[in-house]
Amino acid sequence: MRVLVTADYRTLSQTAAELVIKAVRAKADLTLGLPTGSTPLGMYEELVTTYRHQHLDFSQLRTFNLDEYLGLSQDHPKSYHTYMRLHFFEYVNVSTANIHIPDGSPGIDVDAESARYETAIQQAGGIDLLIVGIGANGHIAFNEPGSAFESRTRAVDLAPETIANARQHFRTEAVPLRAITMGIGTILEARRILLLAAGASKAGAVERALRGPVSQSVPASALQLHPHVIAILDEAASR
Ligand code: F6R
């Protein structure tokens with residue numbers, strides 16, 4: 001694993017965006033795996049800026065998001081569908097037909113949706129470049145501690161600390177307790193992976209994921225098993 005320690009969050013975001021831009025310029029129909037959360041916001045901003053000023057073309061790009069809350073309609077203000085629209089898709093020319101996000105809408109048949117998602121990834125030829133964040137408890141996507149490294153896209157219960165973290169964003173609205181997420185097995189099949197981590201609250205998880213034993217109790221430690229991972233950290237997350 002390569003570890004890039006950047007001076008601050010802005011540099012982390014620029015570094016991540018530069019790697020994505022390079023990959024898109026090298027392969028216009030790149031298949032890109034995308035995270036949500038606070039960490040990638042700066043990267044999406046950088047990508048939108050480059051799209052505007054340097055004529056970056058995303059028209060052939062195919063995207064697969066890592067996860068979605070279960071029980072939220074796609075147009076729910078706190079859904080990851082909405083997040084992606086507001087922070088990225090609304091401003092760039094990614095074709096709607098090429099955007100894939102697991103559907104967590106109320107009443108969805110989650111097993112069928114999970115199988116459909118895995119098939120869609122296969123039919124796209126697999127994921128070329130997948131970007132993940134990391135939870136303070138070591139989760140990647142919504143694979144919480146204890147998740148099997150062979151796991152595939154499926155419904156999961158969120159860990160209490162993940163729910164507590166989500167509560168800050170949901171405020172008075174009901175906080176989802178479950179999600180649909182790519183599995184660790186799905187993630188490890190991506191050809192290249194970028195791990196982004198910013199802030200002191202992530203330092204412990206980063207240390208355990210990158211330098212601790214490979215263990216199901218730290219889902220992100222599975223990334224040590226992958227041959228092409230670049231971890232991009234800011235200084236606070238690297239200490
Ligand atoms: C989001 C996701 C999560 C986040 C992680 C870190 O799609 O899969 O694993 O990457 O919870 O979230 P932030 O960046 O908000 O600290």
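A residue is near a molecule if one of its heavy atoms lies within 4 Å of it. The model is predicted, so local features need pLDDT of at least 70, side-chain atom pairs count only at pLDDT 80 or more, and totals for chains, interfaces and linings use all residues. Residues are numbered from 1 along each chain as its sequence is written, and side-chain values use heavy atoms, without hydrogens and water.

The ligand is surrounded by Pro35, Thr36, Gly37, Ser38, Thr39, Leu66, Asp67, Gly133, Ile134, His139, Ala141 and Lys202. By class, this shell holds 4 nonpolar, 6 polar and 2 charged residues. Here Asp, Glu, Lys and Arg count as charged, Ala, Val, Leu, Ile, Met, Phe, Trp, Tyr, Cys and Pro as nonpolar, and the others, Gly among them, as polar.

A polar side-chain atom of His139 lies 2.6 Å from a ligand oxygen. The side chain of Thr36 has an N or O atom 2.8 Å from an oxygen of the ligand. In Ala141, a polar backbone atom is 2.8 Å from a ligand oxygen. The protein covers 91% of the 410 Å² of accessible area that the ligand has on its own (Shrake-Rupley method, 1.4 Å probe).

The protein has 8 helices and 10 strands (DSSP runs: H or I, at least four residues, for helices; E, at least two, for strands). Its C-alpha atoms fill a box of roughly 40 × 40 × 35 Å, taken along the principal axes.

Methods
Polar contact = N/O pair within 3.5 Å; in protein donor to acceptor, adjacent residues only side chain to side chain.
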